[in-house]
Every structure is written in structure tokens, then in C-alpha cells.
Amino acid sequence: MELHTLSLPQDMTLLHLPEQRFRTVRVTGVFAVPLRQEDAAAYAVLPGLLTRRCRRLPTTAALSRRLEELYGASVEAGVNRLGQWQVLRFSISFLCKAYTLNKEDLTEDCTRLLLGMLFDPALEEDVFPQTDFEQEKRCLLERLQAEINDKRRYACHQCEALLGPEDALSVNPLGTPQTVEALTPVEAAAARERLLSTARIHWLCQGVEDVSALTQAIHNRFAGLAFRKAVSLQADVAFTVKESQRTDEMDVQQAKLVLGYRVAVTEPDDQVMAARLMCSLWGGCPSSLLFRHVREEQSLCYYCAASYDRFHGVVLVDSGVQTENVPLVKQEVQRQLEAIRHGEFSDEELEAARLYLIQHFTSLDDTPAGRESYYVGQTVYDNYLTPDAFAGRMLAVTREDVCRAAQLTHLDSTYLLRPVEEVSV
Amino acid sequence: MMQAFTHPLLGDTIYTGEHPSGLTIFVWPRPTARSTYAVFATRYGSVHNSLPTPEGGSETVPAGIAHFLEHKLFESEDGDAFARFANTGASANAYTSFDRTAYLFQATENVLPSLDILLDFVQHPYFTEETVQKEQGIIGQEIRMCEDSPGRLLLFNLLRGLYHTHSVRVEIAGTVESIADITPDLLYRCYNQYYNLHNMALVVAGPVTPESVWEAADRLLKPAAPLALPAMRLDEPDTVCCAYTEAVMPVSAPLFYVGFKEPQRALAAQDAAGALVLLELLAGDSSPLYTQLMQQALINDQFSYEYFNGPGYGIWLFGGESAEPERVRQLLCERVEELQQNGIDAAAFEAVRRGVYGRLVSELEEPSACAELLLDHWVSGMQPLAPLDALAALTPEGLHKQLCERIQTHRCSLSVVRPE
């Protein structure tokens, strides 16, 4: 895969993937700001506010109608956490000229629309109109409150909060119900100004051979800013291991057990590849040790999976189980980690975990959205590996590297959400 | 051999043919893709809940048996299929829905060996008392997990509200109690009934050739005897069973599904295309209803809609989170009646149709989306990509007729899950 990185004026970078093998073109702006409890909500409200309408298309209906006319062009915006960064993404995806009915090139119209949302929002006296703002604030608040509806994700979030009560791991990139409630239209408008003038900004452009018109359009927009300097952050990952435990009760049918492990391997350490492979072998793929032993051999659960956050150095192992089986699952999860530490796994198991990872990441290369998700994580350290280069690095990981990664992995926090009125575990 | 068909708008060539074994095969070559996606499926899902008896009658099988069979097929006397796929690096999976069971893999390397594994393991059932009992534990946990999902409860309460007798009312995985009645003998009987190659299709999309797929079928498939499937009992009345259902769960706010029960009809490509356009005109972001619901704080950005159908059922579904679900239903019904009365605005129709076309084409990037779409069309008895082509033939008048025939506000049910 061809990837070009271009430095743009005003501290911005463009990742250009020129291949034209897709049916759609995709342009995305990735804006990263330090993730902090106090201003997370102000940034989190922006994706919805900015993409619902703009000055040129002043109602949601008008904007949506325009997108329909542009062959169903799709605007996506969202916010998530990447390490210590709160990352806002604004993208537009639209049909390539070859697939439109009259061979129309939509690139100029669509990129202008995306930039217009960021730079020409429908403001009234420099603030968001109260009705728009209240609507978006309500949506954000309800999304936050609805996190409890998905018990599996809810339990994982609780465990993350136990793992890192003092660091970004416990900060919800959507804010908290309290900070969202307290938000004002003036604060949201100020957050937009700060986002444009201080965020680390990466643009991704896929499916366009010549990006000069896009870079010029971006330059023209940012040249109008009075000030712009991208913020930087010092890496700050704590490796102290504690033994936190929390149990909550809820009216649920099945307990959700989440074991939070600290792994003393984080980006941009070279050993991250080994930790990824260790996690895949442990519980990250269908042939993993946890899948085989906890689910298939002992029938203790439907899922028991491990996922690695390479920015925070954390592995979460989560499982849905009957409460009486919680000790058995904990014991087996730990036993399989011990097995990896001591090299007690077969070459076939290791190669299967490795092949799974390589094929998974290579498959992301099959859609513009997949490629975007693959590269956005790499913008944090501006260290870019194509899927093929990733495969090469993964193939170089040795059995000893995997054992070492497991030796650097220690249980830190245990969270259990269990049905009410059951005997304590 | 296979017949080639080149789609005039996409420019892609799709190959299709009936293999001498009885299996229908589709191949959608995507030479520039990195991965290949293959799905081997049978028209056997949770709604097919009966088996013929030797006396010529039929017996009802335990709820969840199609899904149980899906889990068990991965197991053979020599180990499980996941272990075999692990050697090729393919990512394998399976799913059971109302109208089908599908086994699949995605791979960037070792595609043909993975295809051999797929075709092989699905044809070699192996069930014992011991392995069935073990699976009851795993699936029991899957059922418990689903019982904690408000979305699932909402959907099945709605289906039970819309349908009096149709088996679409029944949970796909069954219940802990119903799967306790499953035996190896029952599994073999269901397998022999529904996993006949004449009732199955293989769809492969990615950087593959039709010849290589056909040759794999030649190697691994044996001709199946012609099939006579029992006809589904379709004595479902057109009325709804219950206009409102409510449940309580630990959720943050009331969640709802409004469903309209479609009168029984054989779905044509024109209907499938019509559903996509109608949904957008009724409740899409550019519709007056969406603006009204958002402005009145009756929905949030989680609002969604879809049409789904299968043998003997068709449902128009609108769902989200709302403090006043009854009011959402009322406004939705009013919007339907308004469009039925006033007809469909030609300019809005043209814009939405163009948008639907663009989204349909945009979704056909990755091999998995291409293959699953072809499978959908096969299960529904349509020609490959027929709904995409049918879009061009839609007119505002034809769509208005569809709206009047297919959505009737007196055939509506509301399902709500409220916080404790």
C-alpha cells in the first residue's frame, strides 16, 4: 500500500493514500487534544454540533438533503480516547466519479462541505444557537447515561476506572453527566476555537491521486486563524501495580467479570509487537488459550477475551459467567498467563495467534474506513507502518519475546458486576 | 459451469451456477482486495421449527435447535474446525438468524485450504451425548448474556406483539429450558433435513477465480438427493397480536421499537428497493418527521430504522430512546397517513433515491459486504443485485402504492423497556 506523509503549514500533517481501488473517496480530519476531565465535555459536544448544520446549509434537513444529492455522501464525526489524547474525527466519504450516474467528480463539493462544517458553523454572535446547543447537549448526556445499557462495556469501563483513577484511562472522552450538564454554548464555541488553534491535526485523504487542491483548501481555511500552535504532551504512564477490587450488584442474569492487568510495555516501545502477540495468544483470537480452556474445555462462559491497550499498557480480560464460576474463571485466566510466562504453549498455538493478527490487520486494508482506523492510532507517535510492514515486524517476534511480555503482565484490578441477592464471592 | 454477469454500473463481473452436487455457487472476484470472504449457508434458521414425521405429519423441534446445530458443527471426531482454521490463519465464524445459518471465514492468505476446511466441516456432523451436554453449558451462558441485552428484549417483545403464531416470535437461541431437550438424534435429523446441498449456497468474494472455487466444490462435495422441504405453516393473521408491550430493566431511559406488520407478500426486488427509499422519506435525517422528533426532544441521535423480512414475516422497524415512546408512535403513524393521503413529493423522492443508490454502492467495498449481499438476495429468492437495479425503475407513484399496501397504521405495535 502506498502511503505518503506530507507536512502541511501550521503544524499539520497529511497522510495520503492515493490508490484508487475503492468505490469511495474519504477525507478525514483527526484533531487530538489532551484528554482532561475538565474540558472533555466541551470538546465532545463538537462533533454533533458541527455536523448537524452549517452556515451555508442552515438546517439539519437542508444538510441531509444536500448529502442525498451528493449520492448519499456520508459525514461521520466522533470522539474517542487514544492514550492520553482526546481524539475528534470529522470525515466525509463519497462515491468516486466512476460510480456516479453522470460521471460527476464530487471531490470539490464534498471537501468544501467538510471544511465548511469546521470553519463556518451556524453561529449567532459567535456562539452556537441555544436550541442547537441544547439538542446536542441532550444527545450527549443521554449517550453517556446509556452506557449502562450495555453491561459488558459498562463493566469494562468500571475496571478501567479502577486501574487508573488518577490518569487518562479513567477519563471518559464524552465527559461526565455533571460536566455535560454544566456546559454552556459559549464554552462550546471556545472549545471549537481552541480545537482549531491548538490541536494536533492530521488529515487523511484516500482515493484521490492529486491532493494539491485539498491541501490548498485546508491552507486557505487555516490561514484565516489568528494563532495556531499544536499542543504537545509528555508520556506519563504509571506502572505501579495495586490490587483493587470492586463488586457491584445489578438486576442482571449473568455476572460480568473484568480482570485489569498492567503490562509494562507501551507505545512507542519496540516490545509492543510482542505484547500484542502475547495478548492474541492469551485471549485475543478464536484459537486462543482462554477460548480453548475456559470456554471450550470447561464450558464456563460464552466469551472470555483479552484486549490490549498499547497506549496505557493495559490488558482487560472480560467474561460473562455465572457468579458461582467466577473463582474458577479467575484461576484459569491466571493459569494461562503463567503458562505463557513459562513458555508452555505449542509452536502451532503461537503461529495461529500470529497469523490471526497479521490477517486481521491486513484485512483492514480492504475499506477506506478500515484503513483510517488502522492509521489514526499511529498518528499519536507519527510512526507509520503499512499493514505489510506490520506483518514483517510481527513475524520477527520470537517465542522468548512473548514470554517476556507475559512476565511483564500483572493483575492490578478486578471488577465484578453480579446479579443481586447472590452470595458474596 | 458458471455463468458470468457484468453489472453495468459497478463494472464488476459476478459468476453464478448450480454445481452438480446441488449447491448454488456465487463468485464475486475483487482482484484488488486483500482479503477473501467465503460464506456457506443453508436456508435454515430459527423460524424453521418443524421436522416431518414418518407418518407424513410434522413435529415441532425445541426452540434454538438451528443455533445449537451451528455451534456443534464446528466439532468433529478429530477436533474442532477452529483449530483447523488456526493453521491457515483464517478468521472463522458462524451465525444463525431467523431465516438462515451461515458459516464463514475471512482470509488474506491460504484461501483455498481455508475453503476446503469450510466445505468439509459443514458436511461432517458429529454429535454425541457428551458434546451436546457440554455445548448446553456454553449456549446457556450465551442465552444469559442475551437476557441482559435490552435491545434483544425490545425486539422479541415487539415480535410477540406483532405476531400471533409465527415462529419469528421465538428467540433464535431458544431458552435454557428448550435447549435442554436437544439430543444428538434430533440434531442429526435437523441436519439431514435442512443441510441438503439443494438448500444451500456458497458465496465467495475477493481475489479469487470462479474456476478455483468450482474446483474446490468438485473436490469436496458429493451430489445430494433432490430435496423436498416441509412447507412452513403460514396461518398467521394480518392483525397484530398486541398493540403495546412493556418490560423493566436496568436501563438509563425508556427504549422503544415501533413496528408495522406488513401483510404477507412475496418480496420482489422492487419491494426491497422501495423499502430503502420509503424508510428515508418517512424518517430519514432530511424528513420533516425527524426534524420534529428531534426538536421536541422525543428522540436522540440513536434513532434508527430498518425493514426486515423472511418467510411469512415482514416488519418496518423504528427504534431509539425516548421519554415518550407513545408520542413517537403517534407522530410516526401521522406521518405515514399524511404521505398516504398526499402522495410522495417528486423532488424529495429523487434526492433520496440518489442517496440510496450511492449508499448501496458505497457499502460494496469489502469482500464481506459483497458476499453477504449476494447471500441475502439468494435467501430472498432474488437475482444477484436485483434491488440495486430496481431502484432505477421506481417512481413516486409506484412507491406511494407500496406505502399504502405495505404499511398500515392499524397493524402497529409498540415495545418499550423502561428503567427500574
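This is a predicted model: local features need pLDDT of at least 70, side-chain atom pairs count only at pLDDT 80 or more; totals for chains, interfaces and linings use all residues.
**View 1. Val168(B) sits in a loop between two helices of chain B.** The loop joins helix 5 (150-162) to helix 6 (176-179). Val168(B) counts as buried, because it has 25 C-beta neighbours inside 10 Å and the cut-off for buried is 20 or more. Which residues does Val168(B) contact, leaving aside its neighbours within four places in sequence? They are Val47(B), Phe98(B), Leu159(B), Tyr163(B), Gly310(B) and Tyr313(B). Phe260(B) lies 92 residues from Val168(B) in sequence. In space, the two are 14 Å apart, C-alpha to C-alpha.

**View 2. Chain B touches chain A.** Chain B brings 54 residues to the contact, and chain A brings 52 residues. On the chain B side, several elements supply at least two residues each. Among them are helix 2 (81-88), strand 9 (91-96), strand 10 (101-107) and helix 4 (129-147). Helix 12 of chain B gives the most, with 10 residues. By class, this side of chain B has 22 nonpolar, 17 polar and 15 charged residues.

**View 3. Helix 15 of chain B has a buried side and a face turned away from it.** This helix covers residues 396-406. Leu399(B), Gln402(B) and Leu403(B) are buried. Seen down the helix axis, the buried residues fall within an arc of 100°, so they line one face of helix 15. An α-helix has 3.6 residues a turn, so residues three or four places apart point the same way. The buried residues of helix 15 pack against helix 9 (269-283), helix 11 (325-342) and helix 12 of chain B. The face turned away carries the exposed residues Glu397(B), Lys401(B) and Glu405(B).

Conventions. Residues are numbered from 1 along each chain as its sequence is written. Chains are lettered from A and ligands numbered from 1 in the order in which they are written. Helices (H or I, at least four residues) and strands (E, at least two) are DSSP runs, numbered from the N terminus. A residue is buried if 20 or more other C-beta atoms lie within 10 Å of its own, exposed if 12 or fewer, and partly exposed in between; C-beta atoms are placed from the backbone. Two residues are in contact if their C-beta atoms, placed from the backbone, lie within 7 Å. Ala, Val, Leu, Ile, Met, Phe, Trp, Tyr, Cys and Pro count as nonpolar, Asp, Glu, Lys and Arg as charged, and the others, Gly among them, as polar. The arc is that of the directions from the helix axis to the C-beta atoms.
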